[in-house]
Amino acid sequence: MNPLITAAELAEELASGTPPVLLDVRYRLGGPPGRPEYEAGHVPGAVYVDMDAELAAPAGPAGRHPLPDLDAFAETMRRAGVCADRPVVVYDGAQGWSAARAWWMLRYTGHPSVRVLDGGLAAWTASGGELSTDVPSPELGDFAAAPGALPLLTADEAAALARRGVLLDARAGERYRGEVEPIDRVAGHIPGALSAPTTENLAADGRFLPPAELAGRFSGLGATPDTEVGVYCGSGVSAAQEVLALAVAGVPAALYVGSWSEWSADPTRPVATGAQPG
């Protein structure tokens, strides 16, 4: 199944007799929660999901956005109306980072049909889609989390994958090279990882590049359907967008949720700098 849905396709499905469950996951790294923006206007029928509070546990030794308690996550999804047999569409405001985190969480915990609105809310309004300030009260869903449907990496597994397969670093190139580090304790990257910023997955309008272009981009980094691939970023959010882009390209990939925020917090773990994997 294509993990993306266009604004036109979404409008058609919302107008049908069997619309998908719609989740608004707007979020700004280091900024305020997206609920005020949601309340000011959202795709009609969308339920707001808080990236920090509901798609992640509190920051700690496991990173800045570790996995949430899965029972609590499932309860959040049920309150949003998510059912095992009903498709889900998620969107955010830009870049697809938090929407991809919601997509990954639902797919990881076993939901079979989850798609991300390509281009997010901007694509919806650009296509003529209306916004609503009505906050829906959906019927309680029946979703139950069954983790393990997508591959997940620990720190040790990410280090090993960098040696035997392809480990992609989804952060900006200057963070990978260790030139700057605005958030975490140490600058640099996991030894053996390759730089693959998420910005290069998108076109100028914020939509994902076509599958063939994404496949070409990733194959140039050695990531193909026949290769074992993993992805990390700063805290496991933007890396989910890269896992999504790889899925669009037909390349399965594992997510290292702890990412650099977990790796760099441990002074015993090695750090590489510069443009080369190290």
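**Exercise 1.** In which segment does Ala-275 lie? Find it, and then decide whether Ala-275 is buried or exposed.

*Solution.* This is a predicted model, in which local features need pLDDT of at least 70 and side-chain atom pairs count only at pLDDT 80 or more, while totals for chains, interfaces and linings use all residues. Residues are numbered from 1 along each chain as its sequence is written, and side-chain values use heavy atoms, with hydrogens and water left out.

Step 1: Ala-275 lies in the segment after helix H11 (259–263), where helices (H or I, at least four residues) and strands (E, at least two) are DSSP runs numbered from the N terminus.

Step 2: Ala-275 has a relative accessible area of 55% and is therefore exposed, since buried means under 20%, exposed over 50%, and partly exposed in between, with a 1.4 Å probe and protein chains only.

Step 3: Leaving aside residues up to four places away in sequence, Ala-275 touches Tyr-176 and Arg-177, contact meaning heavy atoms within 4.5 Å.

**Exercise 2.** Describe the order of the strands in the open sheet of five strands.

*Solution.* Step 1: The order is S6-S10-S9-S7-S8, with parallel pairing; two strands pair if DSSP finds at least two bridges between them.

Step 2: The edges are formed by strand S6 (152–153) and strand S8 (194–195), each of which pairs on one side only.

Step 3: Strand S7 (residues 166–169) is joined to strand S9 (residues 229–232) in the parallel sense over four bridges, and Asp-169 has Tyr-232 in S9 as its bridge partner.
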